[in-house]
Each structure stands twice: as structure tokens, then as C-alpha cells.
Amino acid sequence: MKILDIDNWDRKSIYEAFSKYEFPFYNVAFYLDVTRLKKYVTKHGLPFYYSMIYLATVAADMTDNFRLRIIDGKIYDIEKSAPSFTFLRPETEAFNIVSCRLTDCLDDFTAKVRNIIKHQTAFIGGEDIPQASLIYYTYIIHVCHGSRFHHYQTSTL
């Protein structure tokens, strides 16, 4: 992790404005054509969900601002994110959460996740990863939806 020099950061005014919010988060959901990904994972026998998690995390790490975290009042570039995501337990309607660092390739990541999940007994499991490095994922299959969420400030600036 490296600390960001906030005084010379071009987003300083944005940070200062949003850091006063009680819940300074913005979430956008959108439709994305994943036809090519679906064909690729089907051809190679890879699980679609784990593949999507892998690629979304790689994409997030390619975007500088998605790697920034506020830790003890300072802004850090964590350099590498790790996914933490829900999965359905076999033969149940219950879900668990697994955290797993990325590997150098998609095939290795999906194999690693399959192995971790196979042996996971706790509700939250996987690798021990600092919370600041995690990106949280979940999804609902077969439901068409779109959302835009922004929590507005409720306290006085």
C-alpha cells in the first residue's frame, strides 16, 4: 500500500465534499453484454460466476480510483484488490461468503475458488485478507433489474 499525497491530488475537492457524508458511497448497476464471456467459459469448462468475479476485480484494479481506500483518515492506494463474494451452498438455498486473492490467470483462480469452497465450513471463509483490500460481490440470477443508489447527506456540513 502506498499513501496518497492528498494536497496534490486532482480529486481533493471531491474527497473533501463526500467525506462529510454519513454514508459516502455511490453504486451503479447496469446491463452488460457478456455473450463472449459466456461462450469462452462454456468452451473451457469454467464457472461463469467465478470468471465474472475475476474479470470485474481485474478491471477494478486497472482503474486507479477504484483502488483507493480511506484508512485512519489517510488515503491509500491498496494496489491489489481481492474479491469477497457470496455463493450458494450445494443442495441448499443458503449462501456463504468466500474471500480469495486473484491469481495470474482465470483458470487458476476458478480452480482455487472451487477448492476453497469445497472445504469451507464457516459462513464467511476463504483466505485471510485485510478488509480494506476487499471488493464485495453478490448477484441474483434470472432477475432483470437495474439500480442507481446514492445515499445523500443527512447531517449538516
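First thing on my list: is Cys105 buried, partly exposed or exposed? I get 30% relative accessibility for Cys105, so I log Cys105 as partly exposed; the cut-offs are under 20% relative accessible area for buried, over 50% for exposed and partly exposed in between, with a 1.4 Å probe and protein chains only.

Ground rules before I go on. This is a predicted model, where local features need pLDDT of at least 70 and side-chain atom pairs count only at pLDDT 80 or more, while totals for chains, interfaces and linings use all residues. Residues are numbered from 1 along each chain as its sequence is written, and side-chain values use heavy atoms, with hydrogens and water left out.

**Entry: Cys105 again**

I placed Cys105 in the loop between β6 (95–99) and α4. I also checked Cys105 against Leu55: they are 50 residues apart along the chain, and their C-alpha atoms are separated by 10.0 Å.

**Entry: overall layout**

I count four helices and nine strands in the protein. Helices (H or I, at least four residues) and strands (E, at least two) are DSSP runs, numbered from the N terminus. Reading from the N terminus, I wrote the order down as β-α-β-α-α-β-β-β-β-α-β-β-β.

Of the 157 residues, 30% are buried. The accessible surface comes to about 11300 Å², and carbon and sulfur atoms hold 57% of that; the areas come from the Shrake-Rupley method with a 1.4 Å probe, and for residues only the protein chains shown count as cover.

For contacts (heavy atoms within 4.5 Å), I looked at those with a separation of 6 or more: 67% of them are between residues 24 or more positions apart.

**Entry: aromatic pairs**

How many aromatic pairs does a search of the whole structure find? I get seven. The rule I used: rings of Phe, Tyr and Trp (its six-membered ring) pair if their centres lie within 6.5 Å, with planes under 30 degrees apart stacked, over 60 edge-to-face and the rest tilted.

Tyr49 and Phe85 make an edge-to-face pair, 5.8 Å centre to centre with 85° between the planes. Tyr49 belongs to helix α3 (residues 48–61) and Phe85 to strand β5 (residues 82–88), so this pair ties together parts that are 36 residues apart in sequence. Tyr49 is buried at 9% relative accessibility, and Phe85 is buried at 0%.

Next I took Tyr54 and Phe109: the ring centres are 5.3 Å apart and the planes stand at 45°, so I note the pair as tilted. Why does this pair tie together parts that are 55 residues apart in sequence? Because Tyr54 lies in helix α3 and Phe109 in helix α4 (residues 106–119). Both go down as buried, Tyr54 with a relative accessible area of 8% and Phe109 with 0%.

Ring pairs also link Tyr49, Tyr50 and Phe85 into a cluster.

**Entry: the nonpolar core**

I define a nonpolar core as a set of buried Ala, Val, Leu, Ile, Met, Phe, Trp, Tyr and Cys residues joined through side-chain atoms within 4.5 Å. The largest one has 19 residues, and those touching the most other members are Tyr50, Ile53, Phe85, Val98, Phe109, Val113 and Ile117. At least two residues of this core come from each of α2 (35–44), α3, β5, α4 and β8 (134–137).

I then followed Tyr50: beyond four places in sequence, Tyr50 touches Phe85, Phe109, Thr110, Val113, Arg114 and Ile117.

**Entry: Ser99**

Ser99 sits in strand β6 and is buried, at 7% relative accessible area. Setting aside neighbours within four places, the contacts of Ser99 include Pro83, Ser84, Gly125 and Leu134.

**Entry: the three-stranded sheet**

What is the strand order in the open sheet of three strands? I read β1-β4-β3, with antiparallel pairing. Strands pair here if DSSP finds at least two bridges between them.

Two bridges join β1 to β4, and Lys2 has Asp77 as its bridge partner in β4. Four bridges join β3 (residues 68–71) to β4 (residues 74–77), where Arg69 partners Tyr76. The hairpin of β3 and β4 has two residues between the strands, and Asp72 takes a positive phi near 50° there.
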